[in-house]
Amino acid sequence: DHSLSLNECFSCVRFRTICETWNGIAICERNTITTLESRFPEILFRKVEGERDYKYAIDYELFFAEKLLGAIQIKPKSYSGNAPYIKKARKANKQKHQKYNKEFGRNVRFVIADIKGNILNDDDFITRLTRYYKQHLKKT
């Protein structure tokens with residue numbers, strides 16, 4: 001008999017939808033930070049605590065010499081989609097990012113990345129961070 005019990009079914013669904021998804025997010029974040037740290041070694045990418053993440057929708061704050069440069073939120077490519085629930089999430093996150101900007105005078109930017117940490121939206125944030133890095137930090 002190859003039938004699963006109800007408990008085994010719940011365990012399987014929980015693992016596939018929560019655990020694997022969470023692990024994928026954690027791996028994506030870690031690999032993305034590794035990519036950013038290799039591009040910007042003098043910048044500290046500090047992981048925020050859960051409460052701060054929830055309040056401002058941020059994953060990491062960026063520092064140079066203890067000076068806050070801004071914050072980032074790392075998202076998978078699917079976050080760029082147009083499904084109604086994604087649009088709603090982006091709107092909610094935008095409000096939280098505006099709150100962060102109002103309180104700290106710094107911007108929050110999305111970093112869209114794949115599971116390997118390849119940055120898919122090399123947008124103005126990365127361009128400006130690269131310019132800042134070259135002008136101010138890489139003089140050694």
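**Figure 1. Strands β2 and β3 pair in the antiparallel sense.** Five bridges join strand β2 (residues 60-64) to β3 in this antiparallel pairing; two strands are taken to pair if DSSP finds at least two bridges between them. Across this pairing, E61 stands opposite A71 in β3. Helices (H or I, at least four residues) and strands (E, at least two) are DSSP runs, numbered from the N terminus. The model is predicted: local features need pLDDT of at least 70 and side-chain atom pairs count only at pLDDT 80 or more, whereas totals for chains, interfaces and linings use all residues. Residues are numbered from 1 along each chain as its sequence is written, and side-chain values use heavy atoms, with hydrogens and water left out.

**Figure 2. Y79 and F110 form one of four aromatic pairs found in the whole structure****.** The pair is tilted, at 5.1 Å centre to centre and 45° between the planes. Rings of Phe, Tyr and Trp (its six-membered ring) pair if their centres lie within 6.5 Å; planes under 30 degrees apart count as stacked, over 60 as edge-to-face and the rest as tilted. Y79 belongs to the loop between β3 (67-75) and α3 (84-104), and F110 to strand β4 (residues 108-112), 31 residues apart. Y79 is buried at 9% relative accessibility, and F110 is partly exposed at 23%. Buried means under 20% relative accessible area, exposed over 50%, and partly exposed in between (1.4 Å probe, protein chains only).

**Figure 3. Y56, Y100 and F104 form one aromatic cluster****.** Y100 and F104 are four residues apart in helix α3, and therefore separated by about one helical turn. Y100 is buried at 0% relative accessibility, while F104 is partly exposed at 32%.

**Figure 4. K96 lies over the face of Y54****.** The distance from K96 to the ring centre is 4.2 Å. A charge sits over a ring if NZ of Lys or CZ of Arg is within 6 Å of the ring centre and within 35 degrees of the ring normal.
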